[in-house]
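Reader: Hi! I'm new to this one, could you walk me through it?
Author: Happy to, let's bring it up first.

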Amino acid sequence: MRTIIAGIPGAGKTTVLSEALKHHRMEVINYGDVMFEMARQEGIEKRDDMRTLPQETQRNIQKRAAEKIAEKEDVIIDTHCTVKTPYGYLPGLPHEVLMILRPERIILVETSPEEIAARREKDADIRKRDAESIEEMHLHQMMNRMAAMSYAVLTGATVKIVQNREGKIEEAARELARALE
(Lines give C-alpha, C1' and ligand atoms only; values in the text may rest on other atoms or scores of the structure.)
Protein backbone atom coordinates (compact mmCIF):
# COMPACT_ATOMS: atom_id res chain seq x y z
CA MET A 1 0.00 0.00 0.00
CA ARG A 2 1.30 3.45 -0.92
CA THR A 3 0.34 6.19 1.53
CA ILE A 4 0.86 9.91 1.13
CA ILE A 5 1.44 11.85 4.35
CA ALA A 6 1.41 15.63 4.26
CA GLY A 7 1.02 18.68 6.46
CA ILE A 8 2.05 22.30 6.41
CA PRO A 9 5.41 23.16 7.98
CA GLY A 10 5.09 23.08 11.76
CA ALA A 11 2.02 20.82 11.92
CA GLY A 12 4.24 18.06 13.33
CA LYS A 13 4.00 15.57 10.47
CA THR A 14 7.53 14.21 10.92
CA THR A 15 7.19 13.98 14.71
CA VAL A 16 3.82 12.17 14.56
CA LEU A 17 5.07 9.85 11.83
CA SER A 18 8.22 8.96 13.79
CA GLU A 19 6.12 8.11 16.83
CA ALA A 20 3.56 6.14 14.77
CA LEU A 21 6.31 4.00 13.23
CA LYS A 22 6.97 2.61 16.72
CA HIS A 23 3.49 1.01 16.45
CA HIS A 24 3.37 0.22 12.74
CA ARG A 25 6.60 -0.31 10.80
CA MET A 26 6.69 0.83 7.18
CA GLU A 27 9.33 2.30 4.94
CA VAL A 28 9.19 6.09 4.61
CA ILE A 29 10.48 7.93 1.57
CA ASN A 30 10.76 11.70 1.52
CA TYR A 31 9.75 12.82 -1.97
CA GLY A 32 11.90 15.96 -1.79
CA ASP A 33 14.97 13.91 -0.84
CA VAL A 34 14.52 11.69 -3.91
CA MET A 35 14.12 14.77 -6.11
CA PHE A 36 17.23 16.38 -4.60
CA GLU A 37 19.24 13.23 -5.22
CA MET A 38 18.30 13.50 -8.90
CA ALA A 39 18.82 17.29 -9.02
CA ARG A 40 22.40 16.81 -7.88
CA GLN A 41 22.98 15.07 -11.20
CA GLU A 42 21.84 18.35 -12.80
CA GLY A 43 24.50 20.28 -10.86
CA ILE A 44 22.32 21.44 -7.94
CA GLU A 45 24.23 21.56 -4.65
CA LYS A 46 21.57 22.88 -2.24
CA ARG A 47 18.04 21.56 -1.93
CA ASP A 48 16.47 25.04 -2.05
CA ASP A 49 18.23 25.67 -5.37
CA MET A 50 16.04 23.06 -7.09
CA ARG A 51 13.54 25.88 -7.60
CA THR A 52 16.09 27.68 -9.80
CA LEU A 53 16.10 24.94 -12.43
CA PRO A 54 14.05 25.49 -15.58
CA GLN A 55 10.44 24.41 -15.03
CA GLU A 56 10.72 21.61 -17.60
CA THR A 57 13.77 20.21 -15.77
CA GLN A 58 11.94 20.40 -12.43
CA ARG A 59 8.95 18.53 -13.85
CA ASN A 60 11.22 15.90 -15.35
CA ILE A 61 12.94 15.37 -12.00
CA GLN A 62 9.57 15.24 -10.25
CA LYS A 63 8.34 12.57 -12.68
CA ARG A 64 11.54 10.49 -12.41
CA ALA A 65 11.32 10.66 -8.61
CA ALA A 66 7.72 9.39 -8.76
CA GLU A 67 8.78 6.50 -11.01
CA LYS A 68 11.54 5.54 -8.58
CA ILE A 69 9.21 5.71 -5.57
CA ALA A 70 6.47 3.76 -7.41
CA GLU A 71 8.80 0.76 -7.61
CA LYS A 72 7.90 0.17 -3.95
CA GLU A 73 4.53 -1.24 -2.95
CA ASP A 74 4.46 -0.72 0.83
CA VAL A 75 5.72 2.77 1.47
CA ILE A 76 4.79 6.02 3.14
CA ILE A 77 5.55 9.00 0.91
CA ASP A 78 6.36 12.10 2.94
CA THR A 79 5.52 15.08 0.72
CA HIS A 80 3.39 18.20 0.38
CA CYS A 81 -0.17 18.36 -0.96
CA THR A 82 0.37 21.98 -1.88
CA VAL A 83 3.39 24.22 -2.20
CA LYS A 84 2.89 27.86 -1.31
CA THR A 85 4.65 30.20 -3.73
CA PRO A 86 4.59 33.98 -4.16
CA TYR A 87 2.26 33.35 -7.12
CA GLY A 88 -0.23 31.08 -5.35
CA TYR A 89 -0.47 27.42 -4.41
CA LEU A 90 0.97 24.69 -6.60
CA PRO A 91 -0.24 21.11 -6.39
CA GLY A 92 2.43 19.03 -4.68
CA LEU A 93 1.31 16.04 -6.72
CA PRO A 94 0.54 17.09 -10.29
CA HIS A 95 -1.74 14.73 -12.23
CA GLU A 96 1.09 12.93 -14.03
CA VAL A 97 2.93 12.29 -10.75
CA LEU A 98 -0.24 11.23 -8.97
CA MET A 99 -1.02 8.70 -11.71
CA ILE A 100 2.45 7.19 -11.33
CA LEU A 101 2.28 6.97 -7.53
CA ARG A 102 -1.37 5.86 -7.26
CA PRO A 103 -1.67 6.17 -3.46
CA GLU A 104 -4.34 4.20 -1.62
CA ARG A 105 -4.38 6.53 1.38
CA ILE A 106 -3.74 10.20 1.89
CA ILE A 107 -3.18 11.36 5.46
CA LEU A 108 -2.98 14.99 6.50
CA VAL A 109 -1.43 15.95 9.82
CA GLU A 110 -2.93 19.19 11.12
CA THR A 111 -3.19 21.32 14.21
CA SER A 112 -4.41 24.81 14.97
CA PRO A 113 -2.57 27.68 13.26
CA GLU A 114 -1.83 29.10 16.70
CA GLU A 115 0.00 25.92 17.71
CA ILE A 116 1.86 25.90 14.39
CA ALA A 117 2.97 29.50 14.95
CA ALA A 118 4.28 28.61 18.43
CA ARG A 119 6.17 25.56 17.07
CA ARG A 120 7.71 27.58 14.25
CA GLU A 121 8.84 30.25 16.70
CA LYS A 122 10.41 27.60 18.93
CA ASP A 123 12.23 26.04 15.93
CA ALA A 124 13.34 29.36 14.40
CA ASP A 125 17.01 28.74 15.25
CA ILE A 126 17.12 25.36 13.50
CA ARG A 127 14.53 25.67 10.68
CA LYS A 128 14.17 28.34 8.00
CA ARG A 129 10.51 28.69 7.06
CA ASP A 130 8.57 31.30 5.15
CA ALA A 131 6.58 33.63 7.37
CA GLU A 132 2.83 32.97 7.42
CA SER A 133 0.12 34.69 9.42
CA ILE A 134 -2.48 32.68 11.36
CA GLU A 135 -4.97 33.37 8.54
CA GLU A 136 -2.47 32.21 5.90
CA MET A 137 -1.79 28.98 7.83
CA HIS A 138 -5.52 28.32 8.06
CA LEU A 139 -5.84 28.87 4.31
CA HIS A 140 -2.81 26.66 3.61
CA GLN A 141 -4.37 23.79 5.59
CA MET A 142 -7.67 24.29 3.73
CA MET A 143 -5.81 24.20 0.40
CA ASN A 144 -4.18 20.93 1.51
CA ARG A 145 -7.61 19.47 2.28
CA MET A 146 -8.96 20.49 -1.11
CA ALA A 147 -5.89 19.12 -2.88
CA ALA A 148 -6.09 15.84 -0.93
CA MET A 149 -9.75 15.34 -1.87
CA SER A 150 -8.97 16.13 -5.50
CA TYR A 151 -6.17 13.56 -5.43
CA ALA A 152 -8.58 11.05 -3.87
CA VAL A 153 -11.16 11.62 -6.62
CA LEU A 154 -8.51 10.84 -9.23
CA THR A 155 -7.03 7.76 -7.52
CA GLY A 156 -9.79 6.31 -5.32
CA ALA A 157 -7.64 6.90 -2.23
CA THR A 158 -9.14 7.66 1.15
CA VAL A 159 -8.35 10.90 2.98
CA LYS A 160 -7.73 10.94 6.73
CA ILE A 161 -7.01 14.00 8.87
CA VAL A 162 -4.98 13.38 12.01
CA GLN A 163 -5.06 16.18 14.58
CA ASN A 164 -1.71 16.73 16.29
CA ARG A 165 -2.68 18.79 19.32
CA GLU A 166 -0.01 20.12 21.66
CA GLY A 167 0.84 17.55 24.33
CA LYS A 168 -1.16 14.79 22.56
CA ILE A 169 1.56 13.29 20.32
CA GLU A 170 0.82 9.72 21.46
CA GLU A 171 -2.85 10.11 20.62
CA ALA A 172 -2.03 11.44 17.13
CA ALA A 173 0.57 8.70 16.58
CA ARG A 174 -1.90 5.94 17.53
CA GLU A 175 -4.49 7.41 15.17
CA LEU A 176 -1.92 7.57 12.36
CA ALA A 177 -0.76 3.98 13.06
CA ARG A 178 -4.39 2.76 12.85
CA ALA A 179 -4.79 4.56 9.53
CA LEU A 180 -1.76 2.68 8.19
CA GLU A 181 -3.14 -0.78 9.02
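Author: One term before we start: contact means heavy atoms within 4.5 Å. This is a predicted model, where local features need pLDDT of at least 70, side-chain atom pairs count only at pLDDT 80 or more, and totals for chains, interfaces and linings use all residues. Residues are numbered from 1 along each chain as its sequence is written, and side-chain values use heavy atoms, with hydrogens and water left out.

Reader: Is Met26 buried or exposed?
Author: Met26 is buried, because its relative accessible area is 15%. Buried means under 20% relative accessible area, exposed over 50%, and partly exposed in between, with a 1.4 Å probe and protein chains only.

Reader: How far is Met26 from Pro54?
Author: Their C-alpha atoms are separated by 34 Å, and the two residues are 28 apart along the chain.

Reader: Switching to strands: what order do they take in the sheet?
Author: The order is E2-E3-E1-E6-E7, five strands in an open sheet with parallel pairing. E2 and E7 are at the edges with a single partner strand each, so one side of each has no neighbour in the sheet. On average, neighbouring strands are turned by 25° against each other, direction ignored. Here, axes are lines fitted to C-alpha atoms, for helices over the stretch in contact, and angles run from 0 to 180 degrees between N-to-C directions.

Reader: What counts as a pair of strands?
Author: Two strands pair if DSSP finds at least two bridges between them. E2 and strand E3 (residues 75–78) run parallel and are joined by four bridges, with Ile29 having Ile77 in E3 as its bridge partner. E1 and E3 also run parallel, joined by four bridges.

Reader: Which residue of E3 stands opposite Thr3?
Author: Ile76 in E3 stands opposite Thr3. Thr3 also stands opposite Arg105 in E6. Strand E1 (residues 2–6) and E6 pair in the parallel sense over four bridges.

Reader: What about E6 and E7, how many bridges there?
Author: Six, again in the parallel sense, with strand E7 covering residues 158–163. Leu108 stands opposite Ile161 in E7.

Reader: How many residues of E6 are buried?
Author: Five of the six residues in E6 (residues 105–110) are buried, making this strand mostly covered. E3 is covered on both faces: Val75 and Ile77 on one side, Ile76 and Asp78 on the other, are all buried.

Reader: On to helices. What does H7 lie across?
Author: H7 lies across E1, E6 and E7, and runs at about 165° to E7.

Reader: And how do H1 and H7 meet?
Author: The axes of helix H1 (residues 13–20) and helix H7 (residues 169–179) come within 8 Å and cross at roughly 70°. H1 and H7 are therefore roughly perpendicular to each other. For the cut-offs, angles under 35 degrees count as roughly parallel, over 145 as roughly antiparallel, 65 to 115 as roughly perpendicular and the rest as oblique. Residues making the contact include Val16 and Leu17 of H1 and Ala173 and Leu176 of H7.

Reader: Which residues make up the H5 and H6 contact? Start with the angle, please.
Author: Helix H5 (residues 113–122) and H6 pack at an angle of about 110°, with their axes 9 Å apart. The contact is made by Pro113, Glu114, Ile116, Ala117 and Arg120 of H5 and Ile134, Met137, His138 and Gln141 of H6.

Reader: Where is Gln141, and what does it touch?
Author: Gln141 is found in helix H6 (residues 134–155). Gln141 touches Ile8, Glu110, Thr111, Pro113 and Ile116, not counting residues up to four places away in sequence. Gln141 counts as buried because its relative accessibility is 7%.

Conventions: Helix = DSSP H or I, 4+ residues; strand = E, 2+ residues; numbered from the N terminus.
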